[in-house]
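Please have the structure open as you read.

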Amino acid sequence: MHAEGDAVKGSSCLRRGYFGRVVAWTWLAMVLLWAGPVSAQGYAGLGTAAEAYDQVTPGRAFSFPADHLPHPGFRIEWWYVTANLTAADGTEMGAQWTLFRQAGTPGDTGAGWRSGQIWMGHAAVTTPEAHYMAEGFARGGISQAGVSGPPFEAWMDDWAMMGDSPGLDRLRLRASGDAFSYDLALRAEGPLVLQGDQGYSVKSTTGQASYYYSQPFYSLEGTVILEGRTVPVTGRAWLDREWSSQPLSGTQSGWDWFALHLPDGAKLMAFQLRDAAGGTYTSGTWIAADGTPSPQPPGAIEFEALARTEVAGRQIPTRWRLRLPARGIDVATEPVNAQSYMDTAFPYWEGPIRFSGSHAGVGYLEMTGY
């Protein structure tokens with residue numbers, strides 16, 4: 001292991017308006033009361049027992065476009081897009097757009113100001129020299145944030161993920177923060193993919209799970225504005241949809257999640273969840289170029305941290321080796337910017353990566369709990 005460091009400029013964190021600030025503090029207070037110590041409740045409280053909420057069970061039949069919309073009986077869910085971008089001069093960049101829904105109480109059916117649904121948004125742009133980010137909070141019931149359809153739309157204030165149909169085949173993605181904004185048009189060139197066992201994604205040996213599907217086949221074009229400079233970009237994007245009431249066990253302290261675009265059009269989703277006692281739970285899906293998924297059982301994908309970077313005063317593994325022997329995968333990843341740190345309510349590392357070895361390509365890496 002060795003340490004490495006990259007310069008970072010232009011980082012920002014935005015709580016959006018008066019109500020956003022009020023909701024931010026309310027949400028944080030609620031989470032702190034709900035979550036407790038990480039060692040007892042999992043990363044960010046996601047291991048807290050949730051018997052009063054709807055439960056994730058095997059054998060669920062997914063229905064689209066209905067499942068693109070919220071599932072308010074479950075405690076948490078998200079709409080999550082990561083994008084690998086290329087500027088006209090070849091510069092590699094990345095973008096993230098995320099909307100989280102959090103239920104404050106089980107069975108919440110309140111309307112307007114009586115709604116207990118809390119929304120949180122994250123947006124980011126990463127370049128080799130800088131990582132720009134923003135965070136927003138909103139409450140449900142007052143049209144400040146939400147997800148609706150048809151046609152599909154997810155929004156928080158002026159951030160939006162908009163479709164031109166009930167489905168997710170074509171999306172327009174917009175967000176902004178201090179010194180950055182983007183406007184991206186996404187077009188799906190392959191099918192939706194159910195992760196895990198037909199969308200039932202197990203996260204631990206004790207059975208915690210989520211419902212999880214992806215759209216990993218987007219091509220994109222659009223513009224990124226950085227400190228007043230407009231940059232046309234092209235690239236590819238990956239959307240993840242998950243919902244659950246207790247996606248982690250109480251001792252899982254964080255995860256390392258990879259989304260890789262292979263040169264022949266295939267994709268690989270891989271994650272390991274780290275336990276406070278030192279063990280890991282691994283899973284993933286090999287996705288053929290035609291969209292056919294092959295779930296990978298625990299232990300099939302091997303994760304090895306190769307190098308750490310000092311980021312925000314902590315040592316974070318930013319170079320990795322991934323092996324999937326059954327598919328001939330043996331690659332080493334490196335970040336576009338090792339300082340891709342999301343200084344949010346629950347901080348994490350997330351940014352674009354490139355990889356080489358048995359295969360070469362680009363992807364995204366998210367790491368929590370360091």
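Predicted model: local features only at pLDDT ≥ 70, side-chain atom pairs only at ≥ 80, totals over all residues.

Residues are numbered from 1 along each chain as its sequence is written, and side-chain values use heavy atoms, with hydrogens and water left out.

- Strands (E, at least two residues) are DSSP runs numbered from the N terminus, and two of them pair if DSSP finds at least two bridges between them.
- E13 covers residues 209-226 and is largely enclosed by the rest of the structure, because 13 of its 18 residues are buried (under 20% relative accessible area, 1.4 Å probe, protein chains only).
- Strand E10 (residues 180-188) pairs with E13 in the antiparallel sense over 9 bridges.
- E13 and E14 are also antiparallel, with 14 bridges, and Tyr-218 stands opposite Ala-237 in E14.

**Hairpins**
- E12 and E13 form a hairpin with 6 residues between them, and Gly-207 in the turn has a positive phi of about 100 degrees.
- The hairpin of E13 and E14 has 2 residues between the strands, and Glu-227 takes a positive phi near 50 degrees there.

**Ser-245**
- Ser-245 sits in the loop between strand E14 (229-244) and strand E15 (252-261).
- Ser-245 counts as buried because its relative accessibility is 3%.
- A polar atom of the Ser-245 side chain lies 2.6 Å from the backbone oxygen of Asp-54.

How values were computed. Helix = DSSP H or I, 4+ residues; strand = E, 2+ residues; numbered from the N terminus. Buried < 20%, exposed > 50% of the residue type's maximum accessible area, 1.4 Å probe, protein only. Polar contact = N/O pair within 3.5 Å; in protein donor to acceptor, adjacent residues only side chain to side chain.
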